[in-house]
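Hello,

Here is the structure you asked about. My notes on what was found follow below it.

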Amino acid sequence: MTARVVTVGETMLLLGGASVGSVCDLEAVRLDTGGAESNVAIGLVRAGVPTTWVGRVGTDPAGERVVADVRGAGVDVVAVPDAERSTGIMVKERLADGRTRVSYHRRGSAGSAIAPDDVPAGLVEQASLVHLTGITLALSDRARSTVDAVLDRAAAADVPVSFDVNHRPKLIDADTARQRYRAVAERASVVFASDDEARLLLGIDEPSRTDDDARDRGPGGHADEESLAHGLAALAAGTAVVKLGSRGAVASVDGVLHRRAATPVRVVDPVGAGDAFVAAWLAAVLGGAGPVEALERAADAGALACTVPGDWRLPDPDAAPEVGVAIDHTVHDRVDR
């Protein structure tokens, strides 16, 4: 039987700068859509894995755009219309110093009100995998209860769960997040996290930030990343992947560590790269690949996602390079959200 994945979460209308600069300086923006779970769904479909995205949208043009974009990418869409709430909006700025800054207008949004009954009967039970993120846990009590209900249904049907931490400090405080993330990680078959997110889950203090590369170059840098991967894997069912941005990624699978360097690219927009990475890993594993091949595919997919604006778009081979975009591929570590 062909593997089918189910993702659950909020997708928003995305306003992105048409060029480098802050909102205060821009004269035009690009309209797009984006959400971690739908980004993963799109990546999976592109890799040949049928996927259903479940969400809630307002009965407004923004909601229509979300449904059209996700469905147009080949994803099976279950979007519950909400006449009482608006579709959320996020604003993404690519700043001149290389940072990407994301701000949200999603408090009380339709997507944040997703409810357990929005996930159709039988959908989870018939899936090969369910993918969830920590974002949904931070949106509202109702959204959190939806995650809990999906986890219960998946467990009852013996369906494995993938969990990408995707911590959003603007949505949830660290102490609350740690408790909620750990509860889901302990029920997941695979956990994805950045090194900062891994430290959050494991209750490990942040290292000094006086040198962004100190952890990688200095004594014990690799050992620290490896211990994070093993620690996360111990929380889950033996598999964890720590995404390290320009430093690559490290995976712990059944006690064995695997490392992959980043694929160097000319970075345009780093947002969405982590979702592309996750989608490629999951597609590879569902197709029978081992962790080495899965890391290879994931690293390449994440790098490719950095080369274009937007959370899930593919590069246009005929497009001219953008002026003012940093070439140093380490920039894709720097996202303020």
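Strand E11 (residues 239-243) and strand E12 (residues 249-253) run antiparallel and are joined by five bridges. Within this pairing, Val 242 stands opposite Val 250 in E12. Please bear in mind that this is a predicted model.

Both strands belong to an open sheet of nine strands, in the order E5-E4-E1-E8-E9-E10-E11-E12-E13, with mixed pairing. At its edges lie strand E5 (76-82) and strand E13 (256-260), each of which pairs on one side only. On average, neighbouring strands of the sheet are turned by 15 degrees against each other, direction ignored.

Helix H1 (residues 36-46) packs on this sheet, where it touches strand E1 (5-8), strand E4 (51-58) and strand E8 (129-133). The direction of H1 makes about 150 degrees with that of E4.

The other item is a pair of helices. Helix H9 (residues 273-286) packs with helix H10 (residues 291-305) at an angle of about 150 degrees, and their axes are 7 Å apart. Angles over 145 degrees count as roughly antiparallel, so H9 is roughly antiparallel to H10. The crossing of H9 past H10 is right-handed.

On the H9 side, the contact is made by Ala 273, Ala 276, Phe 277, Ala 280, Trp 281, Ala 284 and Val 285. H10 contributes residues including Pro 291, Leu 295, Arg 297 and Gly 302. By class, the contact has 14 nonpolar residues, one polar and one charged.

Regards

Methods. Residues numbered from 1 in each chain as written. Predicted model: local features only at pLDDT ≥ 70, side-chain atom pairs only at ≥ 80, totals over all residues. Heavy atoms only, no water. Axes fitted to C-alpha atoms, helices over the stretch in contact; angles between N-to-C directions. Helix = DSSP H or I, 4+ residues; strand = E, 2+ residues; numbered from the N terminus. Parallel < 35°, antiparallel > 145°, perpendicular 65-115°, else oblique. Left-handed = near helix turned anticlockwise from the far one by under 90°. Contact = heavy atoms within 4.5 Å. Nonpolar A, V, L, I, M, F, W, Y, C, P; charged D, E, K, R; others polar. Pairing = 2+ DSSP bridges.
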